[in-house]
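Let us take a friendly walk through a protein structure. Here it is, ready for you to explore.

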Amino acid sequence: MLEGKGIPSVVMGTFEFEQLAKMEAKNRGMADLPLALIPHPLGGIREDEVLKKAELVIDVVVQALTVKGARL
């Protein structure tokens, strides 16, 4: 996994799977792994809907990869 190698990472998923994502991150020793969560569903939607959802989390992703992490 990239985060385990010191490469800042963010997991993108939907709110519906937030607890599962947190549990898996904790179980793998990465409880602080940033999550970029969007409304469900992510799959099976039109491209314009994907772009709208991406806009909801772009700031979370940029901050997690640059401000907090900057370990490159």
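Predicted model: local features only at pLDDT ≥ 70, side-chain atom pairs only at ≥ 80, totals over all residues.

Residues are numbered from 1 along each chain as its sequence is written, and side-chain values use heavy atoms, with hydrogens and water left out.

Start with the largest pocket, whose volume is about 150 Å³. Its lining includes Met1, Ser9, Ala21, Arg28 and Leu35. By type, the lining residues divide into 8 nonpolar, 1 polar and 3 charged. Helix α1 gives the most to this lining, with 3 residues. (A pocket is an open set of points on a 1 Å grid where a 1.4 Å probe fits, with protein on both sides within 12 Å along at least five of seven lines; lining residues have an atom within 4 Å of a point.)

Now compare two residues that sit in helices (DSSP runs of H or I, at least four residues).

| Residue | Helix | Relative accessibility |
|---|---|---|
| Met23 | α1 (residues 18-27) | 44% |
| Ile58 | α2 (residues 47-68) | 45% |

Met23 counts as partly exposed because its relative accessibility is 44%, and Ile58 counts as partly exposed at 45%. Partly exposed lies between buried (under 20% relative accessible area) and exposed (over 50%), with a 1.4 Å probe and protein chains only.

Ile58, for its part, lies 8.2 Å from Ala36, C-alpha to C-alpha, with the two 22 residues apart in sequence.

Conventions:
Points joined across faces, edges and corners; volume = space filled by probe spheres on them. Nonpolar A, V, L, I, M, F, W, Y, C, P; charged D, E, K, R; others polar.
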